[in-house]
Amino acid sequence: MRWIWIDKFLEFKSRESAVSLKNVTLAEEHLHDHFPGFPIMPECLIIEAMAQTAGILVGEAKGFKEKVVLAKISKAVFFHFVRPGDQIRFHTKIESIANEAASTTGKVMCGEKLVAEIDLMFSHIDQNLGGKQFPKENFVFTDMFMSLLQGFIKPAEKSV
Amino acid sequence: MAMSREDVYEKVQEVLVDALGVDEEEISEKATLMGDLGAESIDFLDIVFRLEKAFNIKIPREELFPAEALMGNADYVKDGKLTASGMALLREKMPHTDLSQFEKDPDINKIGDLFTVASIVNYVQGKVG
């Protein structure tokens, strides 16, 4: 199992931008402890959800050939809590992309309310300067992850 | 339009404040990116991306920070120090950096110290000046 913190994509513009959506619910058990009597979505998981949204966008830009991992949180500023019952959207765009890495900017919205601004950097780990070797299979973009893009890209494009 | 060195410096300073999360006051011409400003490897790419945007220039891979290409090569590194040919290549690849101090003791562990704020400003000025 792999934890996925977005429910679906709303928009996907290849090599440019994407918008994903998450419904936050009290059925998520961790909210019962974070915090008892005052459940809020942990901010680290909001960052993870943005990283998944932006990471898929960055991965698709190179045909999912690269292993894209989160390398740096350039900025993460939070303005509001995210509570059970909220529907949040992750808007992200690619600012720069090169052979070794990519940078993205993003906003988290709840309705018209700006919840957070999150800018990230991703590394294409097979292109690392240290020349380290990683397993051949692409352990980042598994089937479960890819299913999120159904309807946005043609199945044939996934394996290219 | 050509930019003055002061203009370039100011913009480089902004880039480093954003990329490294340091205060403006921490940045000086002599400050080293790794030693003084705490940059790690991914930060170098972040800085390259931000410089490209800020100055509307293209920075080819390893042109600004070329040291990695030298490190793993036995012709260029011996007993933890750069060889004469390694030094020659570094000089060729980093014309925008003052290597006179480093040449006296070309310890590869000190190679990170070569990347100073001044070396970035000189490099960018060479592109836009």
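The side chain of A:Gln52 reaches the backbone oxygen of A:Trp3 at 3.0 Å. The model is predicted; local features need pLDDT of at least 70, side-chain atom pairs count only at pLDDT 80 or more, and totals for chains, interfaces and linings use all residues. Residues are numbered from 1 along each chain as its sequence is written, chains are lettered from A and ligands numbered from 1 in the order in which they are written, and side-chain values use heavy atoms, without hydrogens and water.

A:Gln52 lies in helix 2 (residues 43-61) of chain A; helices are DSSP runs of H or I, at least four residues, and strands are runs of E, at least two, numbered from the N terminus. A:Gln52 is buried, at 2% relative accessible area. Buried means under 20%, exposed over 50%, and partly exposed in between (1.4 Å probe, protein chains only).

Side chains of opposite charge can pair when their charged atoms come close. A salt bridge is a side-chain nitrogen of Lys or Arg within 4 Å of a carboxyl oxygen of Asp or Glu. A:Lys67 is buried at 3%, whereas A:Asp126 is partly exposed at 34%. A:Lys72, B:Asp43, B:Asp46 and B:Arg50 form a network of salt bridges.

Note on methods. Polar contact = N/O pair within 3.5 Å; in protein donor to acceptor, adjacent residues only side chain to side chain.
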